[in-house]
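Hi,

Here is the structure I promised to pass along. Have a look at it first, and then read on for what turned up.

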Amino acid sequence: MDVPTTPANPISVLASSRAVLDGKLTAATIVISQTTGKITSIFHSILPASDFPPGTSYVDHSPHLLLPGLVDAHVHLNEPGRTEWEGFWTGTRAAAFGGVTTVIDMPLNAIPPTTTVAGLNEKVQAAQGKCWVDVGFYGGVVPGNSAELMPLVQAGVRGFKGFLIDSGVPEFPAVSSTDIALAMATLANEPTTLMFHAETIPPIADSVGDDVQHSLPPMAPAGPLDEYSTFLASRPSSFETYAIAEILSLAHIAPNLPLHIVHLSAIEAIPLLRGAIAQGIKITAETCFHYLSLAAESVRKGDTRHKCCPPIRSKSNQDGLWEELMRDGSCIKTIVSDHSPCTPNLKLLPANITNTNISVPDGQEEGKGDFFSAWGGVSSVGLGLSILWTEGQRRGISIEDVVKWCCKSTAKQVGLENEKGDLAVGFDGDVAVFDDKGYFEVGEEAMLFRNKYSPYQGMMLQGVVKETWVRGQRVWDREGREFGKEGPIGTLLLERRR
């Protein structure tokens with residue numbers, strides 16, 4: 001009896017009647033080197049297994065889709081320092097569950113933050129041997145760290161982020177216009193992206209304008225603290241438009257430096273961004289799965305799982321974000337998760353909201369359902385593809401749109417457009433096998449992040465990731481409910497941007 005042999009140069013072959021290649025839907029056979037992890041050849045048809053050497057790993061996934069692995073360019077993994085909130089092991093497994101093959105870790109809320117090379121090194125050390133998908137890192141811009149920005153560029157961060165308002169953690173303070181100007185001047189000619197959490201408190205009158213620079217917390221709430229409408233009123237769209245106007249007023253300092261607005265929520269900011277782009281300012285924006293799928297009108301009393309900043313706004317605002325996304329030349333280029341978890345007790349959830357077993361420290365009963373005291377952040381890493389596809393079915397989007405927003409453009413945002421975000425020869429063999437007709441309910445088994453709570457709990461989502469491949473190795477198999485036997489094979493992306 002003939003015994004199958006392993007090819008001298010082992011390959012993995014994935015085929016399907018439907019794949020998205022170079023932004024177009026087509027039949028494909030994709031060959032990936034198991035040695036280099038790179039795609040070595042692509043055929044625009046389904047080749048049979050017999051066309052390859054005996055022993056070749058070959059699967060025809062028809063009729064399921066072969067997509068480039070998603071690049072989630074906005075994730076808080078929180079390790080080291082707040083690993084009880086999230087960590088590299090749990091966060092990257094959750095990513096793999098949802099077809100995300102690359103995550104870019106934000107410079108907060110780990111301790112220390114990634115505002116120095118020493119802080120980056122601690123994070124890199126903490127990540128060793130724990131990443132199931134590839135992980136890159138952003139650096140932070142805070143008052144007084146301008147001397148660290150160039151060393152962080154050289155150390156391989158994918159971009160920088162600063163807050164124009166209180167970040168929620170003391171080790172990552174907000175920046176003033178002076179700090180922003182200094183960061184722009186420092187990074188003006190570097191191959192990087194300068195990103196902003198664009199919220200700040202507009203001045204009521206000229207005489208108090210300087211208070212804006214200190215990023216004071218919102219004014220006293222005008223209604224019950226457990227009513228979402230009270231919280232929403234405390235973070236109006238003017239917070240975003242004023243911050244973006246301030247950033248644009250400084251853009252002339254570094255005309256060649258790409259600027260980026262993270263988690264854009266308010267549609268009132270769109271004309272500002274369109275106008276700036278028309279004037280030649282290099283600025284883009286992202287929005288998030290939650291702004292495109294959740295609406296203020298549907299948030300129940302005390303359901304702080306929905307709290308994030310900027311806030312989830314009205315249904316009409318959501319419609320406006322979709323309208324801009326679908327417009328040719330949209331200023332919103334990417335869609336990301338902004339996965340920002342915490343321990344359940346910090347969400348101050350009332351017992352009637354969820355069946356999750358939440359332990360609440362002594363003395364915290366009074367704060368149940370308080371949208372102002374609860375931690376702000378939505379947990380959704382690994383759910384985004386299905387969230388977007390579900391909402392998109394009534395919006396008329398195509399799978400090519402999803403790839404553009406969540407793969408190709410996010411890879412470009414972080415300088416990985418020549419190796420990730422597409423299925424092409426020479427690119428990393430990162431693939432999501434996607435059943436666009438399947439459904440699943442978001443229960444604990446679908447929330448692989450550390451703390452099992454999310455505003456999506458109990459929802460039925462369309463679109464199931466059947467398998468996830470990173471550099472030619474299968475890291476997630478939905479049918480077998482198992483991760484790759486090789487263990488966490490993710491690579492830390494520390495090569496300097498070019």
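What volume does the second largest cavity have? About 40 Å³. Keep in mind that this is a predicted model.

To stay with that cavity for a moment: its lining includes F97, G98, F440 and R478. Both α10 and β16 (460-470) supply at least two lining residues each, and β16 gives the most, with three. By type, the lining of this second largest cavity splits into six nonpolar, four polar and one charged.

Now for the largest cavity, which holds about 80 Å³ of space. Its lining is made up of 15 residues, and L70, D72, V100, F289 and G384 lie nearest the centre. The elements that give two or more residues to this lining are β6 (70-75), β14 (332-336) and α10 (384-392). With three residues, β6 gives the most. Here the lining divides into 10 nonpolar, four polar and one charged. The count of cavities of 30 Å³ or more comes to two.

The other thing to look at is a helix pair. Helix α4 (residues 177-187) packs against helix α6 (residues 237-250) at an angle of about 45 degrees, with the axes 10 Å apart. That angle makes α4 oblique to α6, and the crossing is right-handed. On the α4 side the contact uses S177, I180, A181 and M184, which meet E246, I247 and L250 in α6. Sorted by type, the residues of this contact are five nonpolar, one polar and one charged.

Cheers

Conventions
Residues numbered from 1 in each chain as written. Predicted model: local features only at pLDDT ≥ 70, side-chain atom pairs only at ≥ 80, totals over all residues. Heavy atoms only, no water. Axes fitted to C-alpha atoms, helices over the stretch in contact; angles between N-to-C directions. Helix = DSSP H or I, 4+ residues; strand = E, 2+ residues; numbered from the N terminus. Parallel < 35°, antiparallel > 145°, perpendicular 65-115°, else oblique. Left-handed = near helix turned anticlockwise from the far one by under 90°. Contact = heavy atoms within 4.5 Å. Nonpolar A, V, L, I, M, F, W, Y, C, P; charged D, E, K, R; others polar. 1 Å grid on protein atoms, 1.4 Å probe; cavity = no way out; pocket = protein on both sides within 12 Å on 5 of 7 lines; lining within 4 Å. Points joined across faces, edges and corners; volume = space filled by probe spheres on them.
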